[in-house]
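Work through the exercises below with the sequence and the model side by side. Each task is followed by a solution that goes step by step.

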Amino acid sequence: MHDTSLAVILLSRGAAYAAGETELAQLAERVQAAMAAQGMAPLRVQPAFVDRCQPALPEALDACAAAQAVVIVPMMVPDEPSLRRWLHKLVMRWRAGRTNCPRLVFAEPLLQAPRLADTLVHTVRQSLAAPDVPALVGDDTWERDPAGWSSVPEHQHHVLWCVGPRCAAKGSVQLWPGLARTVRETPGLRKRVMLLQTGCQYPCNHGPLMIVYPDSVWYGPLAEADLGRVLVQHVLHGEVDAALHVHGPRQVLQKQ
């Protein structure tokens, strides 16, 4: 039976690789089972991400809102005090928008967990019984990398899309698949645009934020309905969207 009074959020930095979301979800399942074995059985153990991946912390809090208490466990290594201060603000803003709100608690950062050193020592002891690093992993040899890694892609514009903590909290991670689909499916954009995710670009209050280079035009805050229109205007027609312009030239010459 679940303890409906308690929920736990495992809060991590997002990973650049796709398996990062799966790994945190698997850890959440293991924590749920371990707590149940110790008689705690929380309502849910919810994965969440500060940046790059989803769900963001506000969405995770929404998922846990039925509990009486929510413990947020920071999984970030190394710990960033400035990031934690902002996360506290984010949590307070989420709570301010609700009439019935659970008790919200931040656990100690992972690096300050009192038994972390013992866990690492145990891991080292177990690892000594494992085989050495293999010389061959799959079809890759360690001596060389793929030749394609030396080729520069054909493109005229870099589009920098912020998935830093503040933009992620405003929905930038959810918008990324639509942005990628727009570039992939819009005639003329696919070969001209290289999409790149970035960390925090500043200024965060204009997020979700996008910068188009080499023209150095900053756009924000962007919604799903804006993505295709802004990119087509800018890249294919050399026109800057005045309503969403944050910084940089207001007119761009069309490039052939």
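**Exercise 1. Find which helix gives the most residues to the lining of the largest pocket, and describe that lining.**

Solution. Helix H1 gives the most, with five residues; helices (H or I, at least four residues) and strands (E, at least two) are DSSP runs, numbered from the N terminus. The model is predicted, so local features need pLDDT of at least 70 and side-chain atom pairs count only at pLDDT 80 or more, whereas totals for chains, interfaces and linings use all residues. Residues are numbered from 1 along each chain as its sequence is written, and side-chain values use heavy atoms, with hydrogens and water left out.

The next step is the pocket itself, whose space is about 740 Å³. On a 1 Å grid over the protein atoms alone, a pocket is an open set of points with protein on both sides within 12 Å along at least five of seven lines, a cavity is a set where a 1.4 Å probe fits but cannot get out, and lining residues have an atom within 4 Å of a point. Grid points are joined across faces, edges and corners, and a volume is the space filled by probe spheres set on the points. Of the 21 residues lining the largest pocket, Leu10, Val31, Val73, Met75 and Leu110 are the closest to its centre. Strand E1 (3-12), helix H1 (19-37), strand E3 (69-74) and helix H4 (116-127) are the elements that give two or more residues to this lining.

**Exercise 2. Decide where the buried residues of H3 lie around its axis.**

Solution. Begin with the residues of H3 that are buried (under 20% relative accessible area, with exposed over 50% and partly exposed in between, for a 1.4 Å probe and protein chains only), which are Leu83, Trp86, Leu87, Leu90, Val91 and Trp94. Seen down the axis of H3, these buried residues fall within an arc of 150°, so they line one face of the helix; the arc is that of the directions from the helix axis to the C-beta atoms. The face turned away from the buried side of H3 carries the exposed residues Arg85 and Ala96.

**Exercise 3. Locate the cis peptide bonds at proline 55 and proline 208, and the positive phi of alanine 41.**

Solution. Most residues other than glycine have a negative phi, and most peptide bonds are trans. The bond from glutamine 54 to proline 55 is cis, with omega near 10°, and proline 55 is in the loop between strand E2 (42-49) and H2. Glycine 207 and proline 208 are also joined by a cis bond, with omega about -5°, and proline 208 is in the loop between E8 and E9. Alanine 41 has a positive phi of about 35° although it is not a glycine; alanine 41 is in the loop between H1 and E2 and is buried, with a relative accessible area of 11%.
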